[in-house]
Each structure stands twice: as structure tokens, then as C-alpha cells.
Amino acid sequence: MIIEKATELGMALSNSDEFRRLQAAKAAMDADKHVNELMEQYTQKQDKMVSMLENADSEGIEVSAIAKEIDDIQTELVENPVFEEMMEAQHCFASLMNEVNRTIGAYIGKQQFRLLWKLLRLFRLRTLIPFKFSENFSGAKHICPQSLPQ
């Protein structure tokens, strides 16, 4: 019975507006060469910065220059409509999943639920994009159907 209900939940989630929006946003982002180039540059610059910080011989000026380049790329990504839609779609789907998880947690107990949620995060089931920004995108609109007034 539990597996059947989980299957039903999975099917309902995959048919939700939030999931369909996320899939469409991901497809648009995958098709956008400029966004993919920016993401690749961002990852390369981050790796370079980590390498420089690990190297005691690195100059502070060099590190600052790389940090500025990373900030510039991040700004360009955040201002890109395709990337912005991906972030908003991801936020909406994450909000839906959080609500589902809170509902389940209310019935199985908070401590057991927190352990389950930590395990899920450990296996990166909540993360849909392979990198994180240092900012929280508080400037984004984050308009989700469930957050609109009823």
C-alpha cells in the first residue's frame, strides 16, 4: 500500500504545473548556448579560484580579479531571462516538495522526518542545478501558483 501511494505521489508530482514548468525551463536552458557557456565559465573560474586559494603563493590581486570575473558572470546569469526562469521554476518546484515533505513529516514525526530529509539532501535529490551561487536570488520574482492569494 505504501509503495502504491508513493507511486501515486510520484505520478501526481510529475503531472504538476510546477514540475512541467521546471522541465520546460530546463529544456530552454539546455538549448541556450550562451547560458551554457556562462555556466561553464563560472565553473572554470570557481575551480581556478579554489586552486589559487589552496596555493600559498597566489597573489591577493589575482584572487580579487578572479572573484570579480565570477561576480560578473553571476550577474550576467541572474539577469538572463532563460536562467531567471530556471531559478524561479526550481524555486516553485522546491516549494511544492517542501510542502509535501512537511505534510509527510507531520504524520511520521519530526525527528524521523529530519533524518530522512538529511539523507535525501545527502544524495542531492533536492538539487537540480549542479552549482550554487553565494547569493540567494532574493531579487527574483519567485511567483508560484501555490504562493498566490486564493
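The legends below accompany close-up views of a single chain, whose model is predicted.

**View 1. Confidence along the chain.** Averaged over the chain, pLDDT is 80, and 76% of the residues score at least 70. Among the elements of the chain, helix H2 has the highest mean pLDDT, at 96, whereas helix H6, made of residues 110-122, has the lowest, at 69. Over residues 125-143 the pLDDT stays under 50, although the model has 37 contacts beyond four places in sequence for this stretch. Where pLDDT is low, the predicted coordinates should not be read in detail.

**View 2. The largest nonpolar core.** This core has 22 residues, and those that touch the most other members are Met 29, Val 35, Met 39, Leu 77, Phe 83 and Met 86. At least two residues of the core are supplied by each of H2, helix H3 (33-54), helix H4 (60-79) and H5. Helix H5 gives the largest share, which amounts to seven residues. In soluble globular proteins, nonpolar side chains tend to be buried together.

**View 3. The aromatic pair of Phe 19 and Phe 93.** The count of aromatic pairs comes to one. In this pair the rings of Phe 19 and Phe 93 are tilted, with 5.6 Å from centre to centre and 55 degrees between the planes. Because Phe 19 lies in helix H2 (residues 17-31) and Phe 93 in helix H5 (residues 81-108), the pair ties together parts that are 74 residues apart in sequence. The two partners fall into separate classes of accessibility, since Phe 93 is buried, with a relative accessible area of 13%, while Phe 19 is partly exposed, with a relative accessible area of 23%.

**View 4. A salt bridge within helix H2.** The structure holds seven salt bridges, and in one of them the side chains of Asp 17 and Arg 20 meet, with 3.8 Å from N to O. The two residues are three apart in helix H2, so about one helical turn separates Asp 17 from Arg 20. Asp 17 counts as exposed, at 52% relative accessibility, whereas Arg 20, at 48%, counts as partly exposed.

View 5. Lys 45 and Glu 69 form a salt bridge in which the closest N and O atoms are 2.5 Å apart. With Lys 45 in helix H3 and Glu 69 in helix H4, 24 residues apart, this pair links distant parts of the chain. Lys 45 is partly exposed, with a relative accessible area of 23%, and Glu 69 is likewise partly exposed, with a relative accessible area of 30%.

View 6. Asp 72 is partly exposed, its relative accessible area being 39%.

Technical notes: Residues are numbered from 1 along each chain as its sequence is written. Side-chain values use heavy atoms; hydrogens and water are left out. Rings of Phe, Tyr and Trp (its six-membered ring) pair if their centres lie within 6.5 Å; planes under 30 degrees apart count as stacked, over 60 as edge-to-face and the rest as tilted. Helices (H or I, at least four residues) and strands (E, at least two) are DSSP runs, numbered from the N terminus. Buried means under 20% relative accessible area, exposed over 50%, partly exposed in between (1.4 Å probe, protein chains only). A nonpolar core is a set of buried Ala, Val, Leu, Ile, Met, Phe, Trp, Tyr and Cys residues joined through side-chain atoms within 4.5 Å. pLDDT is the predictor's confidence in each residue, from 0 to 100. Contact means heavy atoms within 4.5 Å. A salt bridge is a side-chain nitrogen of Lys or Arg within 4 Å of a carboxyl oxygen of Asp or Glu.
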